[in-house]
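Hi everyone, thanks for coming. Let me put a structure up on the screen and walk you through a few places in it.

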Amino acid sequence: MAIVCFIPFLMMLVNATRSNEAILSGFTLIPGSSLVENYQTMMSYINIWAGFKNSLIISVLVTLLSGYFSALTAYGFAFYIFKGKNAMFIFMLVMMMVPGQLGLIGFYELSKNLGILDTYIPLIVPAVASPFVVFFLRQYITTTLHPSLIEAARIDGASEFKIFHTIAIPIMMPAIATMSIFTFIGSWNNYILPLVVLFSPEKFTLPVLMGFLKGSQVAQNLGSMYLGIAISVVPIMIAFLFLSKYIVNSISAGSIKE
């Protein structure tokens, strides 16, 4: 199964080195000699590394901020008692069921009135509040962090933020890392929102640039298209390689009792 799943990526990498005529003639596992030509053709239409940098900045900030503040919110829902707690949590669950595209026009008008169009603010700040990540982390922490640990830290005189940073965060790290993978991939592949709120070509993210590449004359050169796609999926593959082990840890946590 791993080999079968890897074949499309292998085809993509091999075709990125072949000429257009060679790709149309059939598939082979032997790399071609047109990598430099394909790269020059692609760069003649778009600056893919500028889009790569923009997407990387946005995705890293969204991943870090979403992971931290979602963990903080989940911790509050799990171990604090306050008025309206259940109503707020139910409202958050309802928001998980509402497609983001429904509020796209209203979000555009709000961003316009705030004067934040053609900036990265609409792409970063709203993504920090992720209902699904909060829900996942809350369910995780309630099964892995016993309230007695928090009570013991309070008796020792630790502040609430110190308890969160020294006790809750380390225990929640497998779940945070798991959600970070999906948050990073979702932000990296985000196409609609950057297309709507960004106007300056130098600020375009990689998916937007790839969309323009598909509609340009370079789309006739399949090798250049494969090369652009290969560059765009490299960060996703790296994220899975380094963080995939946390997915298993977060799923198995709480399933074994000593």
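Let's begin at K53, which lies in helix α4; helices (H or I, at least four residues) are DSSP runs, as are strands (E, at least two), and both are numbered from the N terminus. K53 is partly exposed, because its relative accessible area is 49%. For that scale, buried means under 20% relative accessible area, exposed means over 50%, and partly exposed is in between, with a 1.4 Å probe and protein chains only. The C-alpha atoms of K53 and F204 are separated by 9.8 Å, although the two residues are 151 residues apart along the chain.

Before going on, please keep in mind that this is a predicted model, where local features need pLDDT of at least 70, side-chain atom pairs count only at pLDDT 80 or more, and totals for chains, interfaces and linings use all residues. Residues are numbered from 1 along each chain as its sequence is written, and side-chain values use heavy atoms, with hydrogens and water left out.

Back to α4, then. N54 is in helix α4 as well, and N54 counts as buried because its relative accessibility is 3%. N54 and W188 are 134 residues apart along the chain, with 9.8 Å between their C-alpha atoms.

Now for the overall picture. How many helices and strands does the protein have? The secondary structure comes to 13 helices and zero strands. The C-alpha trace spans about 70 × 50 × 30 Å along its principal axes. Of the 258 residues in the protein, 38% are buried.

Let's look at helix α1, residues 2-15. Where does α1 bend? The bend comes at P8 and is about 30°, taken as the angle between axes fitted to the seven residues ending there and the seven starting there. Buried residues in α1 include M12, V14 and N15.

Next, the pocket. Rolling a probe the size of a water molecule over the atoms shows where empty space is left. On a 1 Å grid over the protein atoms alone, a pocket is an open set of points with protein on both sides within 12 Å along at least five of seven lines, whereas in a cavity a 1.4 Å probe fits but cannot get out. The largest pocket has a volume of about 1200 Å³, where volume is the space filled by probe spheres set on the points, joined across faces, edges and corners.

Which residues lie nearest the centre of the largest pocket? They are G100, P126, A127, A129 and L193, out of 35 residues in the lining, and a lining residue has an atom within 4 Å of a point. Several helices supply at least two lining residues each, among them α4 (48-79), α5 (85-96) and α8 (131-144). The most comes from α10, with six residues. By class, the lining holds 25 nonpolar, ten polar and no charged residues. Here Ala, Val, Leu, Ile, Met, Phe, Trp, Tyr, Cys and Pro count as nonpolar, Asp, Glu, Lys and Arg as charged, and the others, Gly among them, as polar.

On to charges. Side chains of opposite charge can pair when their charged atoms come close. A salt bridge is a side-chain nitrogen of Lys or Arg within 4 Å of a carboxyl oxygen of Asp or Glu, and the count comes to two. One joins the side chains of D118 and K203, at 4.0 Å from N to O. This pair links distant parts of the chain, 85 residues apart: D118 is in the loop between α6 and α7, and K203 is in the loop between α11 and α12 (206-214). D118 counts as buried because its relative accessibility is 15%, and K203 counts as partly exposed because its value is 26%.

R154 and E160 also meet through their side chains in a salt bridge, at 3.1 Å from N to O. R154 is partly exposed, with a relative accessible area of 35%, and E160 is partly exposed at 31%.

Most residues other than glycine have a negative phi. Phi of D118 is near 60°, a positive value in a residue other than glycine.

That's my tour, and I'm happy to go back to any of these places on the screen.
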